[in-house]
Amino acid sequence: MSSSPSPTARGSRLALLVVGLCWLAVLFDGLDMFIYGSVLPHLLETKTFGLTPDQAGDLGSYATFGMLVGALTAGTVADRIGRKKLMIGCVTLFSLASGICAISGSVQVFGLGRTLAGVGLGGLLPTAISMVSDYAPRGRGAIVIGLLMTAHHAGGILSAYVAKWLVEPVGWRAAFWVCVAPLLFAPVLVKTLPESLSFLVAKGRDEEAAGLAARYDVELPATSGRKTAADRWDALQGLFSGGEWIQTLLYWLASFGGLLLVYGVATWLPTLMRTEGYELTNALTFVVVFNLGGIVGMLVAGRAADRFGAPRISAIWFALTAAGVYLLSVHMSMGVTTLVVFLTGVFLNSAQTMIYATVSIRSAPDSRATAVGWTSGMGRFGAVFGPWLGGQLLAAGNGEWGFTAFALAGVSSMVFIGIAALRTPRTGAPIDSEQKLVAAH
């Protein structure tokens, strides 16, 4: 007679299901985010909608502006309707928005689709991180969140292949129709994804939360008092009290430059590589290599920060990123360029993550969430500015300066986070590597 599986084994399998569902959702998030950059060279070369480089930069910024709105409102909406419903809503929104792009007949309609997609994209990632944090097996939280973050870059890799396979033979609209396919994933989330334990505890649904925690063999989140608007305002004021305003502004400026670099390069990498004389197929290959580097970087950054310190790693990573991005402005052999793109991907994406880690480590426990949230929010303005900047440079006939401009953004972030690291840190409680990865992107 066979014995039934132990509760721990059963819980681990069920937790793996939750993590897997969230990973797929973030994969689709990355696909939708990167697809515009992957098809952009084709849109410009065929003059679709009469698209000009400056208009293309504006379109890239629409999505990142939508992400700013989505990220800033996700917490409030999730507190009202629950994280599960918000995840489903975000997947539905960016899938339908891609449909708007696919059927659009003008720049204005296409821009509306990209903006709405950005709102869904911006709300999904922090919500998915919260979900996997709740259901990760005991002692595996950091590994699970790091794994989740790789899905975004896997989506970037998928976007390059979608563009390679479909754009030339079928047309650019087919690529956006592929991005509508995640709509079929929403019913799967409805049926199989449990609600967030943190949400249930916050809403006082303790019995339901306890039942889920027992079923999934995970820790039940501790009950904590909800902060009022006055509490949140006091926490924000604390970031500027005494001499803390200098440190806060340094973090914000570093985050601005970091996300300008991340989203500027993500949007314009294939197009800028085309201006450097590479064939379109090779330019899209660089998107794959860049995101493979991002996956590796996400997996190693936390370990490096644990050993050498997050502020130091962030500054070094930005310096290496700036060097790599600048080298891309030089036409090298295919093999050397591929290696530089890979290493740039390794350092670029995780350098920004280490800014959040630094803020978390150096913040007082009662203001940590506020400090990280506002650092991320201010950085989002850089995410809006980066795609626009690339478009303006190309429109002015200065495409060769694109990589140089993005490299300078990396240098600025290196300087700002380096100065912040040299200043006397705030008194903050130690945090684990799981917390360090939460605010990435």
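Buried means under 20% relative accessible area, exposed means over 50%, and partly exposed lies in between (1.4 Å probe, protein chains only). This is a predicted model, where local features need pLDDT of at least 70, side-chain atom pairs count only at pLDDT 80 or more, and totals for chains, interfaces and linings use all residues. Residues are numbered from 1 along each chain as its sequence is written, and side-chain values use heavy atoms, with hydrogens and water left out.

**Exercise 1. Overall make-up**

Solution: 
- Step 1. Take helices (H or I, at least four residues) and strands (E, at least two) as DSSP runs, numbered from the N terminus.
- Step 2. Turn to contacts, meaning heavy atoms within 4.5 Å. Among contacts with a separation of 6 or more, 83% join residues 24 or more positions apart.
- Step 3. The chain exposes about 17,700 Å², and carbon and sulfur atoms supply 66% of that area. The areas come from the Shrake-Rupley method with a 1.4 Å probe; for residues, only the protein chains shown count as cover.

**Exercise 2. Aromatic pairs around Phe110**

Task: Classify the pair of Phe110 and Trp172, then the pair of Phe110 and Phe176.

Solution: 
- Step 1. Rings of Phe, Tyr and Trp (its six-membered ring) pair if their centres lie within 6.5 Å; planes under 30 degrees apart are stacked, over 60 edge-to-face, and the rest tilted.
- Step 2. The whole structure holds twelve aromatic pairs.
- Step 3. For Phe110 and Trp172, the ring centres are 5.8 Å apart and the planes stand at 70 degrees, so this pair is edge-to-face. Phe110 sits in helix α4 (residues 107-135) and Trp172 in helix α6 (residues 172-178), 62 residues apart.
- Step 4. Check burial. Phe110 has a relative accessible area of 1%, so it is buried. Trp172, with 8%, is buried.
- Step 5. For Phe110 and Phe176, the centres are 5.4 Å apart and the planes at 85 degrees, so this pair is edge-to-face. Phe110 lies in α4 and Phe176 in α6, so the pair ties together parts 66 residues apart in sequence. Both Phe110 and Phe176 are buried.
- Step 6. Tyr36, Phe49, Phe110, Trp172 and Phe176 form one aromatic cluster.

**Exercise 3. Cysteines**

Task: Find how many disulfides the structure holds.

Solution: 
- Step 1. A disulfide is a pair of cysteine sulfur atoms within 2.5 Å.
- Step 2. The structure holds zero disulfides.
- Step 3. Cys179 is in no disulfide; its nearest cysteine sulfur, that of Cys101, is 8.7 Å away.
- Step 4. Cys179 is buried, at 1% relative accessible area. Cys90 is buried, at 5%.
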